[in-house]
Amino acid sequence: MCAAFSPEEDSLFEKTGVAVLKRLRKTRNPADLLAAVASAHKEFERAFASAAPEAKAVVACRAGCDACCHVPVGVQAHEVLIAAAHVQTHFSPTQLDELIARTAVHRAAFMGRSNVERTALKTPCALLAEGSCSIYSARPEACRSHHSHNAESCRTNLQNGNEALDVYIPGVRGRMFAVMLAIDQAVVEAGFDGQAYDFGSALHEALTSSLCAVRWVQRQSAFPDACREASEADDEEDSGVLHPEGYFR
Ligand code: SF4
């Protein structure tokens, strides 16, 4: 499946993805599926717990280290709706108003910019509060799957505007990726929105328009094109869109 993995890691990738997909395939009702996906997010913790001890031992991520929260976060619609529901349940009216204001600033800053330009802005995520994630239990899949073996490299990458490809831990990354891809495949197989969105922009839309959830339930594009993840000049036309044929059988 992935040239960076050993045969053993490839096998675990496949097993993890197939197991998650099998459980999610049992659900098709929109409300149930969103709840099942939120529950499947716990699979990231289980997948991490079952990674090899030597892979887990090199994880450098610590509370208060937030370099990875200053880059664009690409998500699918279901992740935004889960995060928005969490915010609407747990934030006070004042906190909600402040978050809407921050996501509006984020959205305006990202509007019309390429991914390289967005990364160069080093914009802190609107959910970042004093170095910690304020929606930790409802954070997007990209945030759950990220583990670094070198916090200093994360900071240097951020300063230089580089993608953090040199900090991945293959023995952890493969399992995390399998969970993420299986969840996204199940959602798309069920006919729901599989487009890639910018988290901050789409969250602003979700918090200011209840129509996003209605469109998702009706299996339409939940968010306007202005909230889409930015593509690069050499991307395929449908880059970022998940296809129903998926990764796992
Ligand atoms: S959602 Fe949370 S973990 Fe993800 S980038 Fe934002 S603050 Fe960081």
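Tutor: A nonpolar core here is a set of buried Ala, Val, Leu, Ile, Met, Phe, Trp, Tyr and Cys residues joined through C-beta atoms within 7 Å. Buried means that 20 or more other C-beta atoms lie within 10 Å of a residue's own; exposed means 12 or fewer, partly exposed is in between, and C-beta atoms are placed from the backbone. The model is predicted: local features need pLDDT of at least 70, side-chain atom pairs count only at pLDDT 80 or more, and totals for chains, interfaces and linings use all residues. Residues are numbered from 1 along each chain as its sequence is written.

The largest nonpolar core has 59 residues. Val80, Leu81, Val179, Ile183 and Ala202 have the most contacts inside it. Two or more residues each come from α1 (7-24), α2 (30-40), α3 (42-49), α5 (77-90), α10 (170-189), α11 (199-208) and α12 (211-217). α10 gives the most, twelve residues. Helices (H or I, at least four residues) and strands (E, at least two) are DSSP runs, numbered from the N terminus. The chain has twelve helices and four strands.

Now take Leu81. Two residues are in contact if their C-beta atoms, placed from the backbone, lie within 7 Å. Leaving aside neighbours within four places in sequence, Leu81 touches Leu34, Ala206, Cys212, Ala213 and Trp216.

Leu81 also belongs to the contact between α2 and α5. Two packed helices are described by the angle between their axes and the distance between the axes. For α2 and α5 the angle is about 85° and the axes are 10 Å apart. Axes are lines fitted to C-alpha atoms, for helices over the stretch in contact, and angles run from 0 to 180 degrees between N-to-C directions. α2 and α5 are therefore roughly perpendicular, a label for angles of 65 to 115 degrees. α2 brings Leu34, Val37 and Ala38; α5 brings His78, Leu81 and Ile82. By class, that contact has five nonpolar, one polar and no charged residues. Nonpolar covers Ala, Val, Leu, Ile, Met, Phe, Trp, Tyr, Cys and Pro; charged covers Asp, Glu, Lys and Arg; the others, Gly among them, are polar.

Ala202 leads on to Cys227, which contacts Tyr197, Asp198, Ser201, Ala202 and Glu205, neighbours within four places in sequence left aside. Cys227 lies in the segment after α12. Cys227 counts as buried because it has 26 C-beta neighbours inside 10 Å. Its C-alpha atom is 8.0 Å from that of Glu205, 22 residues apart along the chain.

Note on methods
Parallel < 35°, antiparallel > 145°, perpendicular 65-115°, else oblique.
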